[in-house]
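Me: Could you take a close look at the aromatic ring contacts in this one? I'd like the geometry and the cut-offs behind each call.

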Amino acid sequence: MAVSPEERLLNLIIALMHTRVRMTKDDIRASVAGYDRVDDSADEATAKKRKATFERMFERDKDTLRRLGIPVVTVRSQAHGDDIGYRIDPSQATLPPIDFTPSESAVVALAADYWRGAALGADASLAWVKASSRMAHGQAEELPFATAQARLSDAAAALVEAIQLRQAVTFEYASASSGDATRTVQPWRILLSGGADYLVAFDVDREAQRTFRLSRVTSTVKLTGLPGAYEIPTHFPGGLKPAGDTQGEAIVALRPEAGHALRNAGSHAGADGDWDLVTVPYVHRDDLRGQVLALGGAARIVEPQDLRDEVATYAAAALEVAHGRG
Amino acid sequence: MAGDRAVGRVTRLLGIIEYLETQGATDFAELAAHFGVSAAQIEKDVTLLWLSGRPGYSHEDLIDFDGFAFDDKVADLTNAQGLRQVSYSPREAAALIGALSALVATGAAPDAASSALGKLTTVVGSTGVEVVSATEVDPAIRGSLDESIATRHAVELTYVDAHQRRSVRVVEPHRLVAIDGAGYLECYCLRADDYRTLRLDRIESATAVDVMVTHPPAEKLGFSLDAGFAATVRVARAGRWAVEDLPSVELETTDAEVTARFPVADADWAAGRLLAVAPHLRSVEPQELRDALAERAANVLAVHGD
């Protein structure tokens, strides 16, 4: 009866865990149930074909073990020419012990479901199967907390893997300041920042740290470098913040009971008739312009004049489009 | 891909071994519920495990179960051949830690999320995913919301809505939710006499009120965030940023422009967002959103015109 791939993989795991020193490919083929053994009665051509089939199957299985999270150690022996042997170190391969409280278990279960259907969603589910292997059934607590499933972009998933493997990647990027270009970078960190995701990486062409907004990656992320080709610094020269812009200060007039976010961000600066005046410092000029526009007439830029003009220009452009003359 | 199926099943097979090693003999039904498969599948899994073992594959080399217990549909592991559940793969660790981090970043997750995240990262190490700026939710406000939810009491909130209007309202809090990276309070608003989903970072104060919660929680997550209509907006690529992170947006990018399709729950709010990239807008559908955009733009011009 043919042995299923799962049974063969289990047999391989158990064999590599129990081997004293190592097992070579020949050892594995000869002794692990599920592989096609050497058949002495076969003619040379058939034997060669079968060997090639075995090699392909074994390479695939090794890759599957890696994806399962099992580190396979390669052991070379000088006594036997330079042939390669393999083993699994049980202490390295075993799930590390973590004592989750019932409410922690519940929230980990929610987290595992958070990316369902998205890239990395399957990985999160598998992580939950592992974590819950040690939890008694029904142990998790009911929480007054729920999540809508979120999407993580394919780009983010590919970059997470590239960071793990320390492998350079290439992608198309739509930059706000310098247009579209192909970027080759060594990914360092993914930053989650209130709904927006960023990549901090070393830009190989620009020879400097750069921060990329993941939503502006317009192509698939291709792994182009060799694994383990760079070190990820423990200290980041440019810090770990999405990049800042120019800074300035504006005076904004606000209708009473309007613009509370701007009021909270700024300081009271008197009144102008019905309007309250507020001095607002800003990091991104775009942000302040956007906030004033969004208030739809309940806010008015007093100064600087050029920002005031911009707001008017934007509103006029919006009117054109709204009237179908865009 | 066949390889993915094998990874999933082997992970469960090792999970069954680990579960039995820690919890002792367990019936198939409980294993089925725990691992989210049918009892028939658990029986197949146990049978497969029973056939696996060390090279030699004589009786003492094989994973072994109690045969009588098996007939009673109970898995009673008597020899695991040293097998245990294996460690998280790098992608699994990153997925779990990343998802937990994202929940913590919303400011809505319970404290257990941070402590679980701490325990995981201590064991697994850095996975390359980090939270840089958690949503700014005042711990005192969060504390009184947690307290009111736990004791089923109403709470008086000062709330600044998406249009930056401040209001004071008494709500019956039900639970905290994380939606699209932001934290919300799901509640029944006694002022509106309807269900509301309020953003945590826009709550300025929260004071417990001596009124018990009487309305049941809404059936559906994020009830009042439901879309009224679907919008399609074409924008030059320079204006992409204003549409790319809209909740549930679908983007289609060509060389010159981006087409964004997204559900609109609040036309005024969506219009406000579009104004921020007005010079880059190419077209806005439907009429309802164009009207909201025209009205806001006209009001802005009225106060900024000379």
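Reply: Let's start with F70(B), which counts as buried at 15% relative accessibility (buried is under 20% relative accessible area, exposed over 50%, partly exposed in between, with a 1.4 Å probe and protein chains only). F28(B) is buried too, at 2%. Bear in mind that this is a predicted model, where local features need pLDDT of at least 70 and side-chain atom pairs pLDDT 80 or more, while totals for chains, interfaces and linings use all residues. Side-chain values use heavy atoms, without hydrogens or water; residues count from 1 along each chain as its sequence is written, and chains are lettered from A and ligands numbered from 1 as written.

Over all chains, the whole structure has twelve aromatic pairs (Phe, Tyr or Trp rings, the six-membered one for Trp, with centres within 6.5 Å; planes under 30 degrees apart are stacked, over 60 edge-to-face, the rest tilted). One of them is F171(A) with F212(A): centres 5.5 Å apart and planes at 90 degrees, so edge-to-face. F171(A) sits in strand β5 and F212(A) in strand β8 of chain A, so this pair ties together parts 41 residues apart in sequence (DSSP runs numbered from the N terminus: helices are H or I, at least four residues; strands are E, at least two). F171(A) is buried at 1%, and F212(A) is buried at 1%.

Back in chain B, F28(B) and F70(B) are also edge-to-face, 5.5 Å centre to centre with 65 degrees between planes. That pair joins helix α2 to helix α4, so it ties together parts 42 residues apart in sequence.

Ring pairs also link Y35(A), F54(A), F58(A) and Y86(A) into a cluster.
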